[in-house]
Amino acid sequence: MEYISTRNKEKVFSFRDVFLKGLAPDGGLFVPKKIPFFTSKELTNYKSFSYNELAIEIILKFCKNEFNKEDIKEIINKSYKDFRVKNVVEIKKIGNLNLLELFHGPTLAFKDIAMQVIGNMYEIILKRNNSKINIVVATSGDTGAAAISAIKDRSNIKIFVLHPENKITEVQRKFMTTVNSNNVFNIAVASNFDDCQNFVKSMFADKKFSTSINMSGVNSINWARIMAQIIYYFYSYFKVSKNGEKINFSVPTGNFGDIYAGYIAKKMGLPIDKLIIATNSNDILKRAIKSGIYKPLKVQHTVSPSMDIQVASNFERLIFDAYSNDSDKVLKLMGNLDKHGEFKLEKNILEKIKDSFFSASITEKETKDIIKETYKNYEVLIDPHTAVAIGAAKKFKLKNKTVVLSTAHSAKFFDVVLSETKIKPELPKNLKTILVKQEKFEKLPNELKKIKSYIFDRSG
């Protein structure tokens with residue numbers, strides 16, 4: 001498997017390059033040079049596989065130059081041994097929708113599924129090469145906690161997590177800041193997530209800085225995140241679909257990584273009809289799909305904070321694919337975004353994207369009403385992000401079965417869930433201590449120079 005950048009398809013990279021760098025040297029995102037494809041016969045063979053067995057088969061397709069099958073088997077089994085359900089995820093029926101629960105990992109969010117794999121891959125690669133790295137990551141709420149859980153206490157790695165101060169829930173924050181580990185550094189930035197993400201991208205782009213600290217990243221810009229998220233599309237498809245019928249997926253979307261994994265699953269041969277981009281009032285993707293104009297606006301703070309994003313980084317990967325891997329065109333569009341604050345997609349490109357994607361945005365009132373109604377009708381507590389995905393699915397008359405991705409445990413957003421249902425969702429027993437543990441984090445201003453200085457001084 002060879003990889004290329006969305007901004008330069010001529011230069012080829014290995015999986016190790018892609019994994020350790022996170023972002024391509026030219027500022028683009030890594031993608032496989034060729035997407036592996038499964039025949040219908042192969043898909044039939046996989047139907048009876050456990051989650052772990054399926055993960056081994058699919059992940060190996062993307063990194064066999066770096067890991068053999070036994071390596072991947074060890075990584076997968078180690079990554080998922082402490083999840084609270086046997087097959088990593090669970091599927092519940094709510095009316096005519098299938099709810100895919102992705103929050104049974106250590107930090108109660110879908111990001112654990114990929115992040116645990118990444119943590120174990122780092123350990124093997126760094127040990128083999130006797131090297132050290134510093135991971136710098138931005139979080140809109142859940143990525144940081146999942147990354148810290150996967151990286152804490154490991155040798156040869158330090159992790160620096162930037163989160164927007166006072167713009168994530170208390171429980172989300174405490175999952176990060178109560179971890180007492182010498183290799184973990186939490187930074188509360190007086191800003192929003194888009195700024196935090198831009199700071200991380202700027203640090204990657206500063207070759208002198210990123211090289212000096214041997215910088216790596218685990219945001220969804222890292223291909224390994226996408227690779228590990230593909231699995232649950234396959235697994236849930238096999239559980240929900242009958243006789244090879246196509247199904248739809250509704251995905252709460254901020255940075256476009258989770259739903260892009262579904263798009264890759266479709267390109268790999270999985271019979272997916274529509275992928276529904278479910279957004280809150282930060283609806284840049286809905287506007288882009290409708291008009292072709294990709295234009296970030298001011299970030300709005302909502303009850304679904306992990307989606308309070310106006311620059312959906314992974315959308316660049318979809319554009320690269322839609323333009324048939326024309327990296328010059330992508331470079332031009334991204335240049336327009338930097339210079340003019342927007343870019344426009346041609347009509348034929350937009351039609352190509354619409355062939356796979358629908359999009360809808362859900363208001364704050366709709367989100368809260370859906371939380372209330374889901375509990376009233378099915379006695380199931382859902383978090384606001386899941387509510388957005390349910391709401392988006394209901395906006396369309398879909399002829400096939402639909403799977404809704406439930407991305408976080410309701411207890412991480414207990415205040416809004418309690419307010420709407422009069423029921424307080426409880427954290428699993430073994431996690432309740434985070435509410436009373438002492439927190440440890442640094443508050444820094446919205447200044448790249450000070451953030452870089454803080455990281456550099458602690459990166460050795």
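**Exercise 1.** State how many residues of helix H6 (residues 143-151) are buried, and what covers them.

Solution. Helices (H or I, at least four residues) and strands (E, at least two) are DSSP runs, numbered from the N terminus. Buried means under 20% relative accessible area, exposed over 50%, partly exposed in between (1.4 Å probe, protein chains only). By that cut-off, nine of the nine residues of H6 are buried, and the helix is mostly covered. Among them are Thr 143, Gly 144 and Ile 151. Contact means heavy atoms within 4.5 Å; the cover includes H5, strand S6 (133-138), helix H7 (170-177) and H10. Just after H6, Asp 153 has a positive phi of about 65°.

The model is predicted: local features need pLDDT of at least 70, side-chain atom pairs count only at pLDDT 80 or more, and totals for chains, interfaces and linings use all residues. Residues are numbered from 1 along each chain as its sequence is written, and side-chain values use heavy atoms, with hydrogens and water left out.

**Exercise 2.** Classify the ring pair Phe 19 and Tyr 122 and locate both residues.

Solution. Rings of Phe, Tyr and Trp (its six-membered ring) pair if their centres lie within 6.5 Å; planes under 30 degrees apart count as stacked, over 60 as edge-to-face and the rest as tilted. This rule gives 26 aromatic pairs. For Phe 19 and Tyr 122 the centres are 4.5 Å apart and the planes at 50°, so the pair is tilted. Phe 19 lies in helix H1 (residues 15-21) and Tyr 122 in helix H5 (residues 111-129), so the pair ties together parts 103 residues apart in sequence. Both Phe 19 and Tyr 122 are buried.
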